[in-house]
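Please open the model in a viewer and keep the sequence alongside.

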Amino acid sequence: MILHRFMSVMEFEDFLEGKVLINDTKHRTNGKNTDSEGFCFFPEDPDEAYNWLSGIVTDEVCATFEVPENKVRKSTGTYIDPDASDNSLEAMRADVLSFIRGERMKNTQYIERTEYCCNTYSEKDFKLLHFKYIH
């Protein structure tokens, strides 16, 4: 399966050096609305995925991998839908105030996305197909 990942330059360099990368983060315990654990990958075109991942992921490098299905777990994440949300300054201000008060944000729409995650990965199992430096 073909999957993509936004990552830091440091993570990418570690991958290229053949290191086994390890991440045991349970993202839900950090306030994220996902059941993913560890490293997260996505199947969508990176330009499309960047719309809902921007501001959440480290986006120095985007890497595309060929990954055996048995090396990742399918999971689900909920993200703000920037295309369906009211992005006017007044609407965003109202939603921030609602969020601070613990209320539902009325002008923000959400989307669910399939993710794939794993706690470890390396060049042994993840074949690098393409990469691009973003920042």
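The stops that follow cover a pocket, a sheet and a pair of strands in this predicted model.

**First stop: the largest pocket.** Select Lys32, Trp52, Ile56, Thr78 and Tyr79, which lie nearest the centre of the largest pocket. The lining comprises 43 residues, and the space within amounts to about 1,200 Å³. Next, colour the elements that each give two or more residues to this lining: β1 (2-7), β3 (39-41), α2 (46-53), β5 (73-80), α3 (89-100) and β6 (110-118). Colouring the lining by class will show 18 nonpolar, 16 polar and 9 charged residues.

**Second stop: the open sheet.** Select β3, β6 and β5, given here in their order within an open sheet of 3 strands with antiparallel pairing. The edge strands, β3 and β5, each pair on one side only. On average, neighbouring strands of this sheet are turned by 45° against each other, direction ignored. Strands of a sheet pair through backbone hydrogen bonds. Between β5 and β6, the antiparallel pairing extends over 8 bridges. To locate this pairing, select isoleucine 80 and, opposite it, tyrosine 110 in β6.

Which strand pairs with β1 over 6 bridges? Select residues 61-66: this is strand β4, and its pairing with β1 is antiparallel. Phenylalanine 6 may be selected here together with cysteine 62 of β4, which stands opposite.

Terms used: Residues are numbered from 1 along each chain as its sequence is written. This is a predicted model: local features need pLDDT of at least 70, side-chain atom pairs count only at pLDDT 80 or more; totals for chains, interfaces and linings use all residues. Side-chain values use heavy atoms; hydrogens and water are left out. On a 1 Å grid over the protein atoms alone, a cavity is a set of points where a 1.4 Å probe fits but cannot get out, and a pocket is an open set with protein on both sides within 12 Å along at least five of seven lines; lining residues have an atom within 4 Å of a point. Grid points are joined across faces, edges and corners, and a volume is the space filled by probe spheres set on the points. Helices (H or I, at least four residues) and strands (E, at least two) are DSSP runs, numbered from the N terminus. Ala, Val, Leu, Ile, Met, Phe, Trp, Tyr, Cys and Pro count as nonpolar, Asp, Glu, Lys and Arg as charged, and the others, Gly among them, as polar. Two strands pair if DSSP finds at least two bridges between them. Axes are lines fitted to C-alpha atoms, for helices over the stretch in contact, and angles run from 0 to 180 degrees between N-to-C directions.
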